[in-house]
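Dear colleague,

I am handing over the structure below, together with some notes on what turned up when I went through it. Please read them with the model open beside you.

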Amino acid sequence: MKVLLISGSRNHEGQTAKAAGAYAAGVAAGGGKCEIVFLPEMDIQRCRQCDENGWGICRTEGKCVINDNFAELVEKIRHSDAVVFATP
């Protein structure tokens, strides 16, 4: 099983990070793989609502005009069997 854990914590040593690490260790102990992504370290910009209806090529072409890390995160989610969110 491939698990993606998305952490909202900025602190790699804090309680949320410790809980995420314990979860990842449990996944590994069960024979799975767990990748932890720290969301505050990623460049993810807010939607610009490109057209007058609040959409853009995201709706028609399935991609965004913003060049940030969001597409990379979406791909990680798509290739995971499970997604876990850890928030402070």
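This is a predicted model: local features need pLDDT of at least 70, side-chain atom pairs count only at pLDDT 80 or more; totals for chains, interfaces and linings use all residues.

Thr-16 itself is found in helix α1, and it counts as buried, with a relative accessibility of 12%.

Strand β1, which covers residues 2–7, has five of its six residues buried, so it is largely enclosed by the rest of the structure. On the way from β1 to β2 the chain passes through helix α1 (residues 15–29), and the β-α-β crossover made in this way is right-handed. The strands β1 and β2, the latter formed by residues 33–38, pair in the parallel sense over six bridges, and within this pairing Ile-6 has Val-37 in β2 as its bridge partner. β1 also runs parallel to strand β3 (residues 82–86), to which it is joined by five bridges, and here Leu-5 stands opposite Val-84.

The nonpolar residues come next. In soluble globular proteins, nonpolar side chains tend to be buried together. In this model the largest nonpolar core has six residues, namely Val-3, Leu-5, Ala-20, Val-27, Val-84 and Ala-86, and the elements that contribute two or more residues to it are β1, α1 and β3. If residues up to four places away in sequence are not counted, Val-3 touches Tyr-23, Val-27, Lys-33, Cys-34, Glu-35, Ser-80, Ala-82 and Val-84.

That list leads on to the charged residues, because side chains of opposite charge can pair when their charged atoms come close. The count of salt bridges comes to three.

- Glu-35 forms a salt bridge with Lys-76, their closest N and O atoms being 2.6 Å apart. This pair links distant parts of the chain, with Glu-35 in strand β2 and Lys-76 in helix α3 (residues 70–78), 41 residues apart. Glu-35 is partly exposed at a relative accessible area of 33%, and Lys-76 is likewise partly exposed, at 23%.
- Arg-78 forms a salt bridge with Glu-75, and the closest N and O atoms of this pair are 3.0 Å apart. Both residues lie in helix α3, where they are three residues apart, or about one turn of the helix. Arg-78 is exposed, with a relative accessible area of 60%, while Glu-75 counts as partly exposed, with a relative accessibility of 34%.
- Lys-63 forms a salt bridge with Glu-61, with the closest N and O atoms 3.7 Å apart. Lys-63 counts as partly exposed at 49% relative accessibility, and Glu-61 is partly exposed with a relative accessible area of 48%.

With best regards

Conventions
Residues are numbered from 1 along each chain as its sequence is written. Side-chain values use heavy atoms; hydrogens and water are left out. Buried means under 20% relative accessible area, exposed over 50%, partly exposed in between (1.4 Å probe, protein chains only). Helices (H or I, at least four residues) and strands (E, at least two) are DSSP runs, numbered from the N terminus. Two strands pair if DSSP finds at least two bridges between them. A crossover is right-handed if, with the strands pointing away from the viewer, the path from the first strand over the helix to the second runs clockwise. A salt bridge is a side-chain nitrogen of Lys or Arg within 4 Å of a carboxyl oxygen of Asp or Glu. A nonpolar core is a set of buried Ala, Val, Leu, Ile, Met, Phe, Trp, Tyr and Cys residues joined through side-chain atoms within 4.5 Å. Contact means heavy atoms within 4.5 Å.
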